[in-house]
Amino acid sequence: MTFSFSIVLVWLDLAGVFFFAVSGSLLAARKQFDIIGSLLLASVVGLGGGVIRDIIINAGPPVAFTNPAYLAPPLLAAALVYFLFSSVQRFTSLLVLFDAVGLALFCITGTLLALSAGMHPMAAALLGVTTAVGGGLLRDITANEVPRLFDPKDLYALPAFAGAAMTVVLSITGTFNAVTGSAVAAVVFAFRVTAWRRHWYVPLAVRGWHRLRTDAAKSGTED
Amino acid sequence: MTFSFSIVLVWLDLAGVFFFAVSGSLLAARKQFDIIGSLLLASVVGLGGGVIRDIIINAGPPVAFTNPAYLAPPLLAAALVYFLFSSVQRFTSLLVLFDAVGLALFCITGTLLALSAGMHPMAAALLGVTTAVGGGLLRDITANEVPRLFDPKDLYALPAFAGAAMTVVLSITGTFNAVTGSAVAAVVFAFRVTAWRRHWYVPLAVRGWHRLRTDAAKSGTED
Amino acid sequence: MTFSFSIVLVWLDLAGVFFFAVSGSLLAARKQFDIIGSLLLASVVGLGGGVIRDIIINAGPPVAFTNPAYLAPPLLAAALVYFLFSSVQRFTSLLVLFDAVGLALFCITGTLLALSAGMHPMAAALLGVTTAVGGGLLRDITANEVPRLFDPKDLYALPAFAGAAMTVVLSITGTFNAVTGSAVAAVVFAFRVTAWRRHWYVPLAVRGWHRLRTDAAKSGTED
């Protein structure tokens with residue numbers, strides 16, 4: 001991995017932190033947390049997935065604690081939500097969109113960082129998915145919400161699996177670059193948002209059990 | 001630790017992962033999660049305790065991320081529950097039985113792995129208990145259930161403590177082998193299941209406070 | 001850091017573990033957990049913040065697992081609550097007071113341990129705050145409570161931020177000693193308890209949104 005590529009990776013990682021952090025501050029706003037709770041939840045969501053990733057890679061303290069640049073996105077996110085957010089009409093949509101950008105960026109950067117740490121491809125893909133869904137899972141557990149990750153009326157993990165798998169294939173075939181990487185991010189984002197808007201499902205955990213379509217369609221849009 | 005012993009330890013660890021993973025998929029089914037949620041919860045429960053153990057031992061990335069064999073049990077568990085599970089009558093019993101096998105295996109393998117990593121006996125026993133109860137605690141927190149670990153009408157941690165203590169004593173006296181190890185697993189499993197069926201209690205957190213016997217007996221069987 | 005200073009640091013850390021552990025056992029009592037649940041929750045709260053800190057510093061297994069002395073405070077806390085606690089009138093006050101002492105000690109010891117591990121000042125302060133609020137966050141998540149950390153009617157993280165910042169400034173100017181350290185602990189404790197008693201707030205996550213003063217004042221005292 002060349003120096004310039006590492007730099008790009010850090011910027012993409014910081015961008016992912018920012019988008020997830022905004023989703024945390026938006027949830028804090030909806031839950032009527034105060035400005036410090038907003039900053040803390042922004043930090044948990046934005047930095048949580050990466051901290052889990054770095055702890056599992058086990059190559060020194062997590063980058064969120066060693067590189068002060070990682071403190072900027074949560075501060076920025078809490079400030080943005082504090083000053084710019086004033087209506088609740090489009091609340092869920094906004095949260096899902098920011099969350100989807102974070103998901104798209106993190107399943108790529110998490111996988112690439114795991115590969116560059118020398119993990120084998122399958123472990124790297126798994127760690128990419130863990131990085132991508134970890135922050136959001138911590139967000140929902142911390143705020144005492146039912147984790148979106150387990151919502152049977154929403155596809156959340158599948159786009160991250162797809163993105164991590166594509167990143168691994170592109171990397172080991174030597175064809176991962178700015179163009180293909182952007183394409184992967186766009187596919188993951190589009191997959192995630194379309195699945196949410198169109199109420200795409202996968203089967204329930206037990207064959208032959210069915211969700212109630214009407215309820216599902218309703219809850220999906222209201223949340 | 002000889003090579004063959006390590007191999008046996010990995011197989012027992014994989015078996016523990018499988019049994020806990022089934023308990024995760026069963027809970028996913030009861031909570032009406034979809035098939036991906038079932039796979040994720042199976043992974044969290046089956047691999048969670050071991051990942052915590054390996055992070056605390058701090059000797060490289062967790063084995064769940066470096067040995068692809070650890071991905072098979074959650075896949076198998078989610079598939080089994082999807083294809084074979086069709087009635088809910090014996091649901092809680094099944095979950096408790098699979099969970100009890102996982103508990104019995106993990107309090108032993110967790111303790112042995114900690115000892116082989118050079119931790120002192122008391123720390124090894126503590127880490128064995130943490131490994132054994134960690135996955136189930138993550139399962140219940142993730143699925144937004146009151147953790148079974150803290151249910152005052154159920155003995156959950158005590159069998160794990162007993163199993164870890166027996167494993168430490170057998171190991172440091174050099175008498176841990178296939179026969180004694182199997183005996184420990186059987187004792188832990190029998191202790192856990194009997195405590196659950198017979199409503200064995202320990203005192204509440206404050207002396208002189210009493211639970212309501214009738215309610216306890218009722219809730220115990222219904223879950 | 002001299003040898004004697006390290007010893008003092010370990011004793012202060014153990015004291016922090018004890019105070020947090022008592023808050024865990026008090027919550028276990030209020031939630032009607034049994035004596036083992038009380039011991040487990042005492043361990044999670046007392047040792048959780050430090051385990052997270054040591055995992056992030058990444059310099060070998062967490063001290064809670066390598067130094068058996070760390071097992072004493074949770075045992076002592078569960079025993080104290082079992083034998084001495086008999087009335088619920090002053091329950092919340094007691095929990096907040098013990099929690100506040102733990103917070104004051106941990107934001108200092110966490111910051112000092114991070115600095116002595118070679119982390120840069122901002123990361124050390126952040127890790128001090130994480131250590132201080134981590135145990136209580138785990139306590140509330142584990143016991144399925146809304147985390148006090150995110151309660152908009154209560155200032156919880158701000159005193160820890162202040163204490164960690166003061167500790168960093170004193171340390172890098174070489175003026176941290178028994179007197180100044182005690183002063184920092186006293187300020188953090190007084191700040192935390194006064195904020196709780198006087199219902200000090202910070203603004204909500206969104207500018208222009210207001211909490212209902214009356215409800216806030218009521219809930220603050222009842223909890």
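Modeller: Buried area is the accessible area, taken with a 1.4 Å probe, that two parts lose on being put together, summed over both. This is a predicted model, in which local features need pLDDT of at least 70 and side-chain atom pairs count only at pLDDT 80 or more, while totals for chains, interfaces and linings use all residues. Residues are numbered from 1 along each chain as its sequence is written, chains are lettered from A in the order in which they are written, and side-chain values use heavy atoms, without hydrogens and water.

Biologist: How much area do chain C and chain B bury between them?

Modeller: The size of an interface is often given as the accessible area lost when the parts come together. Here chain C and chain B bury about 2,800 Å², 71% of it on carbon and sulfur atoms. C:Asp34, C:Phe65 and C:Tyr82 supply 24% of the area that chain C buries against chain B, more than any other three residues.

Biologist: How many residues does each chain bring to the contact?

Modeller: Contact means heavy atoms within 4.5 Å. Chain C gives 31 residues and chain B gives 34 residues.

Biologist: How many salt bridges are there between chain C and chain B?

Modeller: A salt bridge is a side-chain nitrogen of Lys or Arg within 4 Å of a carboxyl oxygen of Asp or Glu. Between chain C and chain B the count is 0.
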